[in-house]
Each structure stands twice: as structure tokens, then as C-alpha cells.
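Please find below a short note for the colleague who asked for a reading of this model. The sequence and structure come before the comments.

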Amino acid sequence: MGGVSDKKISKRLSYWLRHAPEAGGIELDEAGWVDVSVLLEAFARSSTPLERARLERIVAESDKQRFAFSADGTRIRANQGHSVSVDLGHESAEPPAELFHGTVSGALPSIRQQGLLPQSRHHVHLSADRATAKNVGSRRGRPVVLTVDAAAMVKAGHVFYCSANGVWLTDAVPSGFLRFPE
Ligand code: HQG
């Protein structure tokens, strides 16, 4: 089979379904969905023909479950991480008492001042376990894991969502709810 790797397909899916649908000549609906047939046509146009079976396998094997099909299988969307405006229709949910955020030391002075901000995404992304947060941080360098007092945030009226792939999302984390490693 011709040379484009699953990883490259997955990156392009992320780019089109989270950030730049227009780059693929597709449109997402308000909840982030696009018809699978429209997506496959976009791949064909970009001279990377992609068969539905391969798409299904890439979605199923995605290490972070980045994408989901609609219940009837006709549409697909990214589970989280969008920079384009979409309403994923998350129900707010009660988080575990502590959540974790992986970052790097260079970001700490600013995080101490401003707390965690969503940057280019819609939400701050938090993990239920330290190991996952460490992996997230290590994308940028030597990871530093911050502990978030989610129970106190809930008491203070902050709202949390849990994405389909188990990432905890919230609008921002003021620094008073963060515990920094020594
Ligand atoms: C940092 C990947 C300075 C924050 C991962 C992070 C995750 C601040 C960066 C998911 C700050 C934002 C999300 C502040 C936050 N000052 N820096 N006030 N507040 N930061 O990529 O959490 O591959 O948008 O610490 O695995 O790193 O996309 O967020 O370093 O699950 O599926 O600003 O993205 O998954 O970076 O990662 P990101 P993230 P995918």
C-alpha cells in the first residue's frame, strides 16, 4: 500500500476535525461532526485516498481515543482539543477530588501568576492520574506535574466536563487551587 502512515492520517484528522476544517475543504456542524463520506472525499481530493475500513481502524487504535463515530456510524468528530468553535454537548460531571496537569518548568512562573489557562484550546485539560499528566507534560520537555484541588474548585462553583476519552476539562484553574511540586 502507498506510503502515508497511520500517524500522518491521524495528524491530518486532528488538524481538519479540530483546527482547520477549511484546509480539507470540509465543514463541521455546531457539534463538530462531519459526514464520514464527506471526510473520505476530502482525503481523496488531497491525493491520500482513505478507505472507510482503514479510517475505522485508525479511530479504534488511536492511543488517546481522539476521534469518535456517531452512534449510527455516518458521522465522525474529534473528542476534544478543538480550537474552532464547537459545542461538544458535554454534561458537566463531578470530578475526582484531585486531578493532575502535566506541564514544563518554563511555564511555571506564568502559571503561578495566572493559574492554568486554556491557551489555544477551549478548556484546560486535566488528567485523572499522575502518569497520564506526566506524559502530557513530556511532549514539551522534562515534565512537571501539578495537582489540582478539584474538590475545592467544585465547592467554589467551577464546572468540569469529562470528554469521551476520559480527559477532564474546565475553563481555567486559578493558581490557588494548584499544588506545585517542591
Ligand atoms: C501551558 C494532547 C503559561 C500548559 C495532550 C501546557 C493532552 C500555561 C500549554 C492535550 C498557562 C498548553 C492537552 C499559563 C497553561 N502560562 N503556560 N497561565 N496555562 N499553560 O497542548 O494540557 O495529542 O493546549 O501547561 O496529550 O499540554 O492533542 O494543552 O503546557 O491530552 O490529543 O500551556 O493535548 O492530546 O498546551 O495538552 P496544550 P496540554 P492530543
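Predicted model: local features only at pLDDT ≥ 70, side-chain atom pairs only at ≥ 80, totals over all residues.

1. The main nonpolar core. The largest nonpolar core comprises 21 residues. Leu13, Leu17, Ile26, Leu39, Leu55 and Ile76 are the members with the most contacts inside this core. At least two core residues come from each of α1 (6-19), α2, α3 (52-61) and β3 (75-78). Helix α2 gives the most, with 5 residues.

2. Surroundings of Leu13. Which residues does Leu13 touch, not counting those up to four places away in sequence? They are Arg18, Leu39, Phe43, Leu55, Ile58 and Phe67. Of these partners, Leu39 and Leu55 are also listed among the core residues with the most contacts.

3. Another core, of 17 residues, lies apart from the largest one. Its members include Leu126, Leu146, Phe177 and Leu178.

4. The three-stranded sheet. In which order do the strands of the open sheet run? The order is β4-β6-β9, with antiparallel pairing. Strands β4 (98-104) and β9 (178-179) form the edges, each pairing on one side only. In general, strands of a sheet pair through backbone hydrogen bonds, either parallel or antiparallel. Here, β6 (residues 143-149) and β9 run antiparallel and are joined by 2 bridges.

5. Helix α5 lies across β4 and β6. Its direction makes an angle of about 20 degrees with β4.

6. Ser127. This residue is found in the loop between β5 (124-126) and α5 (130-138). Is Ser127 buried or exposed? Ser127 counts as buried because its relative accessibility is 9%, and the cut-off for buried is under 20%. Leaving aside neighbours within four places in sequence, Ser127 is in contact with Leu99, Phe100, Thr132 and Ala133.

7. Glu41. This residue belongs to helix α2 (residues 36-45). Glu41 has a relative accessibility of 47%, so it counts as partly exposed; the exposed class begins over 50%. Glu41 and Gly24 are 17 residues apart in sequence, and their C-alpha atoms are 9.5 Å apart in space.

How values were computed:
Residues numbered from 1 in each chain as written. Heavy atoms only, no water. Helix = DSSP H or I, 4+ residues; strand = E, 2+ residues; numbered from the N terminus. Buried < 20%, exposed > 50% of the residue type's maximum accessible area, 1.4 Å probe, protein only. Contact = heavy atoms within 4.5 Å. Pairing = 2+ DSSP bridges. Axes fitted to C-alpha atoms, helices over the stretch in contact; angles between N-to-C directions. Core = buried A, V, L, I, M, F, W, Y, C linked by side-chain atoms within 4.5 Å.
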